[in-house]
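This report walks through one protein model. It covers selected residues, helix packing and the shell around the ligand.

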Amino acid sequence: MEASRTTRILMGSSVRACVLDVRARVLDVRARLVTVHARRPTVLARSIFVFACTLVPCAVAAQDESAAAPGSVWDGVFTEAQAARGRLTYAGACGLCHGRRLNGAPDDPDMVSTPPLARARFLREWEGRSLGALLAYTRLTMPEDNPGSLTDAEYVDVIAYMLSVSRMPAGDGELPADARRLADIVIQGEQ
Ligand code: HEC
């Protein structure tokens, strides 16, 4: 529900932007009409045609955005290749503390345990929050000994790997390294 509300707000704002744009063009067309005033009727016809054309991209933009919001982590929001990349990054940057199995048992037995990054316990902790929030948290605080040391694309790859370990299905498109688009994808323990 949250995701579709966000979609509506996004669509609303883009449609509003379009409406403003169209209004500006109407003023422009009116100004031109005043200058060409009563010269030739074809000028008026052409102006009306140009104005009508400005409405078409608005409709297309609104459609694109509604198609772009997947909703939840169960909708095939990452690719297998992305999760495979994330696995390598995870092994180098996260596994030491969060463990090879992502269960919070560190690979080094002398280290203290950490929260799990997959499966039931992790999902309970993050239930209802978005992948945007997860990216923001991770980027700001992890790896705990060197926060912010990965690129956004690397953090997002690791998140794709975390989802794949939690048995979410892969899809055709990669998870984008774009916090605003990730804010539309909600973490849910159950489908
Ligand atoms: C040096 C050890 C260390 C490394 C390396 C590390 N983490 Fe952590 N991580 C922790 C600790 C400790 C916590 C718990 C922090 C807290 O509770 O305040 C944590 C918490 C988290 C959480 C929150 C889990 C929850 O249930 O709220 C996430 C997500 C996370 N880490 C992701 C990562 C990712 C992704 C990487 C690799 C890029 C990484 N961490 C690397 C030690 C580490």
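With 17 C-beta neighbours inside 10 Å, glycine 132 counts as partly exposed. The cut-offs are these: 20 or more other C-beta atoms within 10 Å of a residue's own make it buried, 12 or fewer make it exposed, and anything in between is partly exposed, with C-beta atoms placed from the backbone. The model is predicted, so local features need pLDDT of at least 70 and side-chain atom pairs count only at pLDDT 80 or more, while totals for chains, interfaces and linings use all residues. Residue numbers start from 1 along each chain as its sequence is written.

Glycine 132 sits in helix α6. Helices here are DSSP runs of H or I with at least four residues, strands are runs of E with at least two, and both are numbered from the N terminus. Setting aside neighbours within four places in sequence, glycine 132 is in contact with Ala179, Leu182 and Ala183. Contact means that the C-beta atoms of two residues, placed from the backbone, lie within 7 Å. The C-alpha atoms of glycine 132 and alanine 183 are separated by 4.2 Å, although the two residues are 51 residues apart along the chain.

Alanine 183 belongs to the segment after α8. Alanine 183 is buried, because 20 other C-beta atoms lie within 10 Å. Its C-alpha atom is 9.4 Å from that of glycine 71, a residue 112 residues away along the chain.

## Overall fold

The protein has eight helices and zero strands. From the N terminus, the order of elements is α-α-α-α-α-α-α-α. Of the 191 residues in the protein, 23% are buried. Take the contacts with a separation of 6 or more: residues 24 or more positions apart account for 71% of them.

Two packed helices are described by the angle between their axes and the distance between the axes. Axes are lines fitted to C-alpha atoms, for helices over the stretch in contact, and angles between N-to-C directions run from 0 to 180 degrees. Angles under 35 degrees are roughly parallel, over 145 roughly antiparallel, 65 to 115 roughly perpendicular, and the rest oblique.

Helix α3 (residues 80–93) packs with α7 at about 105°, and the axes are 7 Å apart. The two helices, α3 and α7, are therefore roughly perpendicular. From α3, the contact uses Gln82, Ala83, Arg85, Gly86, Arg87, Thr89 and Tyr90; from α7, Glu154, Asp157, Val158, Ala160, Tyr161 and Ser164. By class, the contact of α3 with α7 has five nonpolar, four polar and four charged residues. Nonpolar covers Ala, Val, Leu, Ile, Met, Phe, Trp, Tyr, Cys and Pro; charged covers Asp, Glu, Lys and Arg; the others, Gly among them, are polar.

Helix α6 also packs with α7 (residues 152–165), at an angle of about 120° and with axes 10 Å apart. This pair, α6 and α7, is therefore oblique. On the α6 side, Leu131, Leu134, Leu135, Thr138 and Arg139 meet Tyr155, Val156 and Ile159 of α7. The contact of α6 with α7 has six nonpolar residues, one polar and one charged.

## Shell around the ligand

Which residues come nearest to the ligand? Of the 18 residues around it, they are Cys94, Cys97, Pro115, Met142 and Pro143. A residue is near a molecule or strand if its C-beta atom, placed from the backbone, lies within 6 Å of it. The shell divides into twelve nonpolar, three polar and three charged residues.

Helices α4 (95–98), α5 (119–126) and α6 (131–141) each supply at least two residues of the shell. The largest share, three residues, comes from α4.

## Backbone points to check

The peptide bond from methionine 142 to proline 143 is cis, with omega near -10°. Proline 143 lies in the loop between α6 and α7.

Two arginines come next. Arginine 119, in helix α5, has a positive phi of about 65° although it is not a glycine. Arginine 119 counts as partly exposed, because it has 16 C-beta neighbours inside 10 Å. Arginine 167 lies in the loop between α7 and α8 (179–182). Its phi is near 70°, again positive in a residue other than glycine. Arginine 167 is exposed, with 9 other C-beta atoms within 10 Å.
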